[in-house]
There are 2 protein chains.
Amino acid sequence: MPEPVKGLRERKRLETHRALATTAVRLVAERGLDQVTVEDISAAAGVSPRTFFNYFPSKEDAVVIAHADAAERSQRTIEKFLATPKEVSTPRAFVDALKEDFAQVDENREEWLGRMKAIQENATLHSRAVTMNHDTIAPMIEAIARRTGLDPKTDLYPTLLLSTLGGAVNAVLMRWYQHDGRISAIDLLDEAVEMLLAGLPEPGGRAR
Amino acid sequence: MPEPVKGLRERKRLETHRALATTAVRLVAERGLDQVTVEDISAAAGVSPRTFFNYFPSKEDAVVIAHADAAERSQRTIEKFLATPKEVSTPRAFVDALKEDFAQVDENREEWLGRMKAIQENATLHSRAVTMNHDTIAPMIEAIARRTGLDPKTDLYPTLLLSTLGGAVNAVLMRWYQHDGRISAIDLLDEAVEMLLAGLPEPGGRAR
DNA sequence: CTGCAATTTTGCAGTCTCTGCATCTTTAGG
DNA sequence: CCTAAAGATGCAGAGACTGCAAAATTGCAG
């Protein structure tokens with residue numbers, strides 16, 4: 001059903017994107033961001049430097065953006081979120097929808113370890129990574145607002161939920177990396193969400 | 001007691017930083033990031049382009065970094081946090097310490113409105129702004145770990161708390177900007193923290 | 001297969017960011 | 001005043017990134 005096996009053109013396109021992204025991650029993880037030029041990356045990926053910029057708006061993006069279809073993915077996440085039965089609370093529903101995408105961290109462990117290494121070691125990459133793609137933020141806030149029946153322009157809740165969950169995801173990725181990916185990222189995410197939805201009580205003592 | 005009135009040298013230095021930061025914010029808010037060059041900013045601030053880079057590592061930083069003494073400020077925040085009596089829960093203590101710095105948003109309303117406008121309209125600026133200064137993250141996690149008696153290398157809690165609070169702060173700033181700064185940022189922050197520490201229950205209904 | 005149209009890839013020129021280094025000014029303090 | 005330290009500049013150069021037009025590929029119909 002999915003995987004419509006697009007034509008050769010599309011396949012090559014995705015392949016090039018992937019080649020650029022993975023070599024970028026690898027090289028930068030090895031040498032550090034400023035010891036790698038766009039020329040290095042494109043050469044290693046077998047395309048011209050100019051082509052590099054046909055795929056990524058900046059060197060940083062090649063390291064941070066894992067998928068060529070980021071837009072569609074987030075779209076699917078939103079749909080899944082909106083399709084979740086009302087019995088499930090909004091935060092839970094959102095997290096569940098997020099998990100699908102998040103699973104690829106455990107699946108592509110090596111690549112993600114390299115990516116996190118690069119990100120942790122470079123402030124510029126760190127900020128790019130921490131932020132969700134600028135364009136996907138608004139639709140997600142919109143979706144949360146719709147499900148909760150709130151006004152995205154007036155109520156703080158939708159924005160707050162998205163931002164804090166984003167923060168949780170980042171915390172999880174950091175921890176995951178510090179453990180060399182030896183703990184399931186998904187499990188860590190579950191743990192984080194429990195804490196978060198419990199109001200961040202101090203592990204040792206009382207809450208609030 | 002404070003305000004030791006440093007020498008002329010120091011005063012000029014802060015003044016230049018301030019001039020560069022405010023003109024950068026103003027120009028970028030007016031024309032957009034890529035319609036403003038470093039030369040424009042430095043010219044308007046009355047210094048050479050080379051000097052600009054003595055103050056900021058990048059054009060973006062001039063728009064995003066409000067204070068020349070960012071490091072000391074975060075240091076003070078940490079100290080205040082650690083000095084808070086144990087009766088106050090860790091999350092509360094941290095938020096209270098943060099508030100001191102956060103107050104300047106309401107105090108310098110105009111400048112912050114310009115800054116938020118620039119940030120909202122430009123993805124690059126957005127990511128830089130959303131992330132806390134890379135160097136201040138570790139000390140803060142360290143501080144949280146110390147107060148809670150947790151191991152920052154092993155426990156998820158310190159990182160999670162910092163990340164989610166950071167997310168909350170961002171959400172608040174966005175809302176504040178969308179309301180044209182007509183609502184007190186501090187009040188919004190309080191509201192956000194209440195929601196967060198209550199486990200993000202859906203405003204209309206049940207929680208968790 | 002063949003040829004045409006739509007896509008991609010490239011090369012090139014040019015602008016702008018950012019850095020290292022040497023030099024010139026200004027301030028701090030005798 | 002005079003000198004040393006700190007700061008401001010100018011200059012040259014590496015690299016990121018963009019617009020544009022030419023060249024190579026791929027999709028498809030005939």
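**Close-up 1. Residues around DNA strand C in the predicted model.** Sorted by class, the surface near DNA strand C holds 7 charged, 7 polar and 5 nonpolar residues.

**Close-up 2. The contact between chain A and chain B.** Here 45 residues of chain A meet 45 residues of chain B. On the chain A side, helix 6 (90-107), helix 8 (123-130), helix 9 (134-148), helix 10 (157-178) and helix 11 (185-197) give two or more residues each. Look for helix 10 of chain A, which gives the most to this side, with 14 residues. The side of chain A that touches chain B is made up of 20 nonpolar, 17 polar and 8 charged residues.

**Close-up 3. Helix 5 of chain B and its two sides.** Helix 5 spans residues 70-83, and its 14 residues reach 20 Å from first C-alpha to last, close to the 20 Å expected at 1.5 Å a residue. B:Ser74, B:Thr77 and B:Phe81 are buried in this helix. Seen down the axis of helix 5 of chain B, the buried residues fall within an arc of 50°, so they line one face of the helix. An α-helix has 3.6 residues a turn, so residues three or four places apart point the same way. The buried residues of helix 5 pack against helix 6 (90-107) and helix 9 (134-148) of chain B. On the other side of helix 5 you will find B:Glu72, B:Glu79 and B:Ala83, which are exposed.

How values were computed
Residues are numbered from 1 along each chain as its sequence is written. Chains are lettered from A and ligands numbered from 1 in the order in which they are written. This is a predicted model: local features need pLDDT of at least 70, side-chain atom pairs count only at pLDDT 80 or more; totals for chains, interfaces and linings use all residues. Helices (H or I, at least four residues) and strands (E, at least two) are DSSP runs, numbered from the N terminus. The expected span of a helix is 1.5 Å times one less than its number of residues. A residue is buried if 20 or more other C-beta atoms lie within 10 Å of its own, exposed if 12 or fewer, and partly exposed in between; C-beta atoms are placed from the backbone. The arc is that of the directions from the helix axis to the C-beta atoms. Two residues are in contact if their C-beta atoms, placed from the backbone, lie within 7 Å. A residue is near a molecule or strand if its C-beta atom, placed from the backbone, lies within 6 Å of it. Ala, Val, Leu, Ile, Met, Phe, Trp, Tyr, Cys and Pro count as nonpolar, Asp, Glu, Lys and Arg as charged, and the others, Gly among them, as polar.
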